Amino acid sequence: MKHRYDDLLRLIIRTIKNDYAGFPEKMERHDSRYYVNTTGTAFKQGKLDELLFLRIVSQYLASLGDPNLKFSMVDHEDYRNYSVGFRVRRFADDLYVTECAQDERLKAGDRLISVNHLPAGMHRAKFRKNILIGNTAEREQWGGFLKMADHFVVEHPDGTREDLPFAHFELQQPEHRVRFWKPSSDVCCLSVEEFSQDTAALETLLNAHEAELRICSSLVIDLRKNEGGTESGFEPLLPLVMEHPLPRTELPEEPVYMNYTKENCDRRVREFQVLKNMYEKEADEGAARMCGDLIREYIEKAGSGLTREYTEKAGSGLTREYTEKAGSGLRLESEEADFWPGAGSKEAGGCQAEPLLQPYENIKKVILITDTWCRDAGEVFVKMAADFSKVTVLGRPTMGTIDYTNSVTMVLDQTFVLSYPMGKRGYVMDGTRYNETGLPVDIYVPWTPRECTEDVLLEKALEILS
């Protein structure tokens with residue numbers, strides 16, 4: 001397909017300025033001239049193609065420092081989204097392999113001493129703009145850069161070195177696990193990698209270990225790899241961190257400011273119309289009716305600008321499949337808005353008293369382990385739980401996606417996908433921001449290469465509890 005790249009770039013920049021909820025806070029960082037010039041130069045030289053345009057726009061968005069901003073390309077005959085098969089983290093000038101899911105040439109702990117002939121630290125110093133999103137080594141995200149590189153020199157733990165080309169692997173759907181274990185008689189540990197809207201797996205795990213949870217005095221909840229999900233998904237964990245019985249309606253309410261530009265509302269209407277048509281074909285009347293209600297609401301609010309809401313819009317949690325594949329697999333998972341702030345329980349015939357969430361009074365200390373990869377709903381849970389006095393947050397600050405919410409997805413020329421949030425949480429309006437720093441921790445443990453092969457944060461948590 002032949003694209004008018006200049007028109008697409010102008011549309012993307014205009015969308016960021018007018019429709020992206022975070023632009024007022026990012027205005028000082030915003031400078032599109034470099035990317036406009038780079039695109040124009042590549043076009044004049046006959047080098048501008050879909051892949052180069054993808055890289056330029058991705059770098060433009062990364063320069064704003066908001067991990068919510070995403071630009072991708074739809075799989076087609078000449079292009080497949082891919083991974084390099086491993087993840088890295090920078091320490092000093094080098095990159096260390098922290099996980100290796102697909103590339104069998106490497107293993108955790110290997111050190112990349114150069115990429116395309118230069119150490120990572122030298123690449124970082126040469127970047128015209130920060131395309132790694134993070135401002136410190138342990139918060140940098142190198143995945144996109146490595147996909148643009150050709151080869152690397154790796155040093156294995158035994159001192160041997162290899163010069164290897166980057167391999168490309170098919171993207172794998174992540175397997176988000178929940179896990180329970182008991183390292184000592186008085187301490188229980190939970191690891192939760194996603195707060196799924198279907199809480200069956202988490203509830204089954206908690207029910208299976210109810211007896212142990214009722215007698216332990218300390219609990220570790222590992223959220224280092226929690227990639228979000230939906231806020232309703234962490235409800236089963238709330239009794240573990242609470243100190244007193246609470247109705248759901250007394251959990252913290254955080255207003256959300258929605259940017260109801262005409263363009264945002266038009267895009268939302270198109271998204272929900274696709275859903276409505278799908279649910280009508282499936283004879284799911286309830287979901288189709290909800291989509292219709294949301295369509296009417298967005299039509300009514302189109303052009304009204306920044307508006308305070310008390311809950312995120314139902315259906316804002318569009319699945320990753322839709323964001324990444326531009327239209328395939330879009331599902332509306334629930335007929336209710338996200339869990340917090342929750343609504344009171346209502347039955348036909350009138351309101352009933354809402355049952356209280358009952359805490360585990362035997363649990364006196366809770367340590368939440370967090371790291372840069374804890375994001376979205378995971379961060380919402382951390383922010384809420386940190387307010388309870390028995391909770392200590394240990395590790396490193398979270399990703400920082402929590403400030404902005406309710407992502408809108410744009411498909412451009414049936415080829416590119418732009419995703420950006422149209423809502424911001426109320427505290428951002430008051431001057432508090434976590435986007436570039438992440439949620440803070442009570443006990444900070446800097447990352448070192450030792451963590452490639454040893455669970456330093458869990459060891460620290462258990463040391464404190466002992």
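Accessible areas here come from the Shrake-Rupley method with a 1.4 Å probe, and for residues only the protein chains shown count as cover. By that method the chain exposes about 21900 Å², of which carbon and sulfur atoms supply 48%.

The model is predicted: local features need pLDDT of at least 70, side-chain atom pairs count only at pLDDT 80 or more, and totals for chains, interfaces and linings use all residues. Residues are numbered from 1 along each chain as its sequence is written, and side-chain values use heavy atoms, with hydrogens and water left out.

**Whole chain**

Start with everything displayed as a cartoon. The chain has 15 helices and 22 strands; helices (H or I, at least four residues) and strands (E, at least two) are DSSP runs, numbered from the N terminus. The radius of gyration is 23 Å, close to the 23 Å that the globule rule gives for 466 residues, so the chain is as compact as a globular protein of that length. That radius is taken over C-alpha atoms, and the rule is 2.2 Å times the number of residues to the power 0.38. Along the principal axes, the C-alpha atoms fill a box of roughly 70 × 60 × 45 Å.

Colour by accessibility next. Buried means under 20% relative accessible area, exposed over 50%, and partly exposed in between (1.4 Å probe, protein chains only). Of the 466 residues, 53% count as buried. For contacts (heavy atoms within 4.5 Å), among those between residues at least 6 apart in sequence, 74% join residues at least 24 apart.

Then colour by charge, with Lys and Arg as positive and Asp and Glu as negative; His and the chain ends are not counted. There are 59 positive and 77 negative side chains, and the centres of the two sets lie 5 Å apart. Each charge is placed at NZ of Lys, CZ of Arg, CG of Asp or CD of Glu.

**The nonpolar cores**

A nonpolar core is a set of buried Ala, Val, Leu, Ile, Met, Phe, Trp, Tyr and Cys residues joined through side-chain atoms within 4.5 Å. Select F53, F71, L219, L237, L240, L368 and F381: of the 89 residues in the largest core, these touch the most other members. Helix α11 (residues 285–301) supplies the largest share of this core, 7 residues. Apart from it lies another core, of 20 residues, among them V88, V115, A120 and A149.

Now centre on L368. Leaving aside neighbours within four places in sequence, L368 is in contact with I221, F381, V382, A385, V391, T392, V393 and L394.

Select residues 377–385. Helix α13 is mostly covered, with 8 of its 9 residues buried: A377, G378, E379, V380, F381, V382, M384 and A385. These buried residues pack against α9 (238–241), β18 (365–370), β19 (391–395) and β21 (416–425).

K383 also sits in α13 and is partly exposed, with a relative accessible area of 25%. Not counting residues up to four places away in sequence, K383 touches E254, I402, Y427, Y434 and L439. From K383 to W181 is 202 residues in sequence and 24 Å in space, C-alpha to C-alpha.

Step back to D376, in the loop between β18 and α13. Most residues other than glycine have a negative phi. D376, not a glycine, has a positive phi of about 55°, and at 27% relative accessibility it counts as partly exposed.

A second stop of this kind is N116, in the loop between β5 (111–115) and α5 (120–126). N116 is not a glycine either, and its phi is positive at about 50°; its relative accessibility of 26% makes it partly exposed.

Select α15 (residues 456–465), where V456, L457, L458, A461 and L465 are buried. Their cover includes β9 (178–184), β10 (187–192), β11 (218–222), β18 and β19.

Which helix holds A200? A200 is in α7 (residues 200–208) and is partly exposed at 36% relative accessible area. A208 and F180 are 28 residues apart in sequence and 9.5 Å apart in space, C-alpha to C-alpha.

Finish at Q59, in helix α4 (residues 50–62). Show Y35, I131 and M148, which Q59 touches when residues up to four places away in sequence are not counted. Q59 and D6 are 53 residues apart in sequence and 16 Å apart in space, C-alpha to C-alpha.
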